[in-house]
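Please consult the sequence and the structure while reading.

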Amino acid sequence: MVKLFINGYGNIGRRLASAFDLDREIDLVGIAKYKPDERAKEAISKGYKLFIPRSIEREFKNNKLEFTGFLEDAIRESDIVIDASKEGLGYQNKRKLYLPLKKMAIFQGGEDREGKYSVADIIHNSRVNYNKVIGKSYVIQGSCNVSGMGRVIQPLIDHFGDRIIRYDVTLIRRWADLEDLNEVKDSIQWDKSPHHQDDVKDFIPNIKLYVDAYKVPSRMMHLHQMAIRFKDKAPTKNEVLEIFENEFGVSILNSAKGTADIRKKALEMGFLHGDTNMIHIHQEVMRSQDDILKISYSDDQTGMVIPENHLLVQSLLFKKPRKKALLHTDKIFDLSKKKKVLEEEFK
Ligand SMILES: NC(=O)c1ccc[n+]([C@@H]2O[C@H](COP(=O)([O-])OP(=O)(O)OC[C@H]3O[C@@H](n4cnc5c(N)ncnc54)[C@H](OP(=O)(O)O)[C@@H]3O)[C@@H](O)[C@H]2O)c1
């Protein structure tokens, strides 16, 4: 059995722990906590073993919080670490822990792929380069927006690639996650240089992709509007929807009024953590006009990357064929069932 440790227990780490804990092919060694807070208590109540940095041993003891050991103990015992730390801390963790202890690690989308603080030389997207991560020691799992874009662009390339000139994407990003305590400011903010464009080009080189990103006061998912320019007449709406019907982690909805409708349905249906774990194409606002196709889809920010990390582990450690891995991931996350529920509710 593969031994896996999750370094960080925030919005992403908690979800990773729930998923890998359900997987019988994985032995979850434990999770790392850096503060003796309510989340630490939650992790203990769920039966996870807690590992902490040596420097905060006293704080944990003063708060009477049980822990199993220190970070190094867990990492030494594990075959792989999933780093789910606060954005930008992955580099320091790699230098101080994973490299000296010679451990493989998966980093999240907030880490650098290029430059001085680069943590890995590849960004994974299960729809595009699932097999290419085999043999690597360090891999970045693309962020939720980057994962969503790969999931839409690759099927378009497979079916219409030689007819497409360029992709222009406007990302409308949520301000904070549901569980975040920070204020959602009443403002629309722009991003001078969104990282998403370069990240996607990392696994789809030579693509003509232009991304603008805006942050809006919402906690309910991201929305992407993708405009695809064709050399000639763009394909019809039906031709496009057909190619996405059986795509993994893609649902096609017709009557949701906004992202909150989908999130609320997920919560009402008791989906774990309120996640749909997928993107939702909104067919009622899809347009095919002259040489331009416009696709709008919402992207479950926190849920999207969890099955992606799960697939990445199956490629990196088990070298499983993609089809087999998709079946396994589908079972763990109940993705097909969730898709059915959402498509029925918003038909
Ligand atoms: N949130 C999303 O929707 C989303 C989606 C896709 C990708 N991501 C990426 O996933 C990563 C994690 O995001 P998040 O939203 O889960 O962040 P988060 O909620 O702020 O959680 C960060 C976690 O990191 C822990 N931590 C602090 N110092 C650490 C260290 N040195 N090493 C490891 N962990 C440390 C914190 O522990 P304590 O709680 O004990 O302080 C906390 O549990 C980021 O790279 C982010 O860009 C996030």
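This is a predicted model: local features need pLDDT of at least 70, side-chain atom pairs count only at pLDDT 80 or more; totals for chains, interfaces and linings use all residues.

Q: How many residues does the contact take from domain 1, and how many from domain 2?
A: Residues are in contact when their C-beta atoms, placed from the backbone, lie within 7 Å. On this basis the contact takes 17 residues from domain 1 and 21 residues from domain 2.

Q: Which helix gives the most to the side of domain 1 that touches domain 2?
A: At least two residues of this side come from each of α1, α10 and α11. The residues of the side divide into six nonpolar, six polar and five charged. With four residues, the helix that gives the most is α1.

Q: Which classes make up the shell around the ligand, and with how many residues?
A: The shell consists of 28 residues. By class, these are eight nonpolar, 13 polar and seven charged residues.

Q: What span does helix α11 reach from its first C-alpha to its last?
A: Helix α11 covers residues 322-333, twelve residues in total. At 1.5 Å a residue, a span of 16 Å is expected, and the helix comes close to this value. From first C-alpha to last, α11 reaches 16 Å.

Q: Within what arc do the buried residues of α11 fall, seen down its axis?
A: The buried residues of α11 are A325, T329, I332 and F333. They line one face of the helix, because their directions from the axis fall within an arc of 80°.

Q: Which residues are exposed on the other side of α11?
A: The buried residues of α11 have a cover that includes α1 (11-22), α10 (301-316) and α12 (335-345). On the other side of the helix, the exposed residues are K323, K324, L327 and K331.

Q: Which residue takes a positive phi just after α11?
A: Helix α11 comprises residues 322-333. Just after it, a positive phi of about 55° is taken by D334.

Conventions. Residues are numbered from 1 along each chain as its sequence is written. The expected span of a helix is 1.5 Å times one less than its number of residues. A residue is buried if 20 or more other C-beta atoms lie within 10 Å of its own, exposed if 12 or fewer, and partly exposed in between; C-beta atoms are placed from the backbone. The arc is that of the directions from the helix axis to the C-beta atoms. Two residues are in contact if their C-beta atoms, placed from the backbone, lie within 7 Å. A residue is near a molecule or strand if its C-beta atom, placed from the backbone, lies within 6 Å of it. Ala, Val, Leu, Ile, Met, Phe, Trp, Tyr, Cys and Pro count as nonpolar, Asp, Glu, Lys and Arg as charged, and the others, Gly among them, as polar.
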